[in-house]
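Colleague: I'd like to learn how to read a structure like this one. Could we go through it feature by feature?

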Amino acid sequence: MELPRNAFKHAIKAGKTQIGLWSILSSHVTVEIIAGSGFDWIVLDTEHAPNELPMVYSQLQAAKAGGSAHPVCRVPWNDMVVLKRFLDIGVQSFLIPMIETEEDARAAVAHTRYPPKGVRGFSAAPRASGFGRIKDYAKRCDEEICVLLQVETRKGLDNLEKIAAVEGVDGVFIGPGDLSAALGHLGDPKHPEMLKVIDETIARIKACGKPAGILTPD
């Protein structure tokens, strides 16, 4: 059995725009439907949705059955134990919220890597390894794990270049809702000042050689 290829990770690394859809209904049925509706990726949200590990497990199965959209899990926090559990059930791509410093970024990457590169706990035969059928999983899984970091505070903006420069960070995602609140425009991410900050931040991320992402209803 072969290690599944993360088409989303390789696409953003190649500079290809990827259009995704947020999934907050916490349902494997809706994930199966939207997985085949033409999007490149789907965010399975566990930060601001009533979505838990067993439910995400079912949603990963549904995404695989439903179509080609790649599932990206937004975890509730940059937490080693949380990330370990999602890694073991087969999540390959992560959106990690509230990253503010270089140290936060290094920790996020380390949480997704086995020692000596990181601190991920080892399990002999999780779903991620095809229940042990992918014999070289532990040695090769880094190749297909994608780490996207959300910058959504003033402190995060101040440390943006240092965050983006951390090895293992595959992209930086702007969280416009929390960022607008942090900059004094709660509930108004389209305020002229916010639009200016967002444009500047996208340019800064790209200048670091990393893909930039953002959530937008437009």
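Colleague: Is asparagine 6 buried or exposed?

Modeller: Buried means under 20% relative accessible area, exposed over 50%, and partly exposed in between (1.4 Å probe, protein chains only). Asparagine 6 has a relative accessible area of 0%, so it counts as buried. One caution: this is a predicted model, where local features need pLDDT of at least 70, side-chain atom pairs count only at pLDDT 80 or more, and totals for chains, interfaces and linings use all residues. Residues are numbered from 1 along each chain as its sequence is written, and side-chain values use heavy atoms, with hydrogens and water left out.

Colleague: Which residues is asparagine 6 in contact with, leaving aside its neighbours within four places in sequence?

Modeller: Contact means heavy atoms within 4.5 Å. For asparagine 6, the list is His70, Gln92, Ser93, Glu144 and Cys146.

Colleague: His70 is part of strand E3. How many residues of E3 are buried?

Modeller: Helices (H or I, at least four residues) and strands (E, at least two) are DSSP runs, numbered from the N terminus. In E3 (residues 70-74), 5 of its 5 residues are buried. His70, Val72 and Arg74 cover one side, and Pro71 and Cys73 sit on the other.

Colleague: Which strands does E3 pair with?

Modeller: Two strands pair if DSSP finds at least two bridges between them. E2 (residues 41-45) is joined to E3 by 5 bridges, and the two run parallel. E3 also runs parallel to E4 (residues 93-96), with 3 bridges between them. Take arginine 74: it stands opposite aspartate 45, and its bridge partner in E4 is leucine 95.

Colleague: What about salt bridges? How many does a search of the whole structure find?

Modeller: Side chains of opposite charge can pair when their charged atoms come close. The cut-off is a side-chain nitrogen of Lys or Arg within 4 Å of a carboxyl oxygen of Asp or Glu. The search finds 11. Arginine 74 turns up again here, in a salt-bridge network with Asp45 and Glu47.

Colleague: Where do glutamate 102 and arginine 106 lie?

Modeller: Both are in helix H5 (residues 102-111), 4 residues apart, about one turn of the helix.
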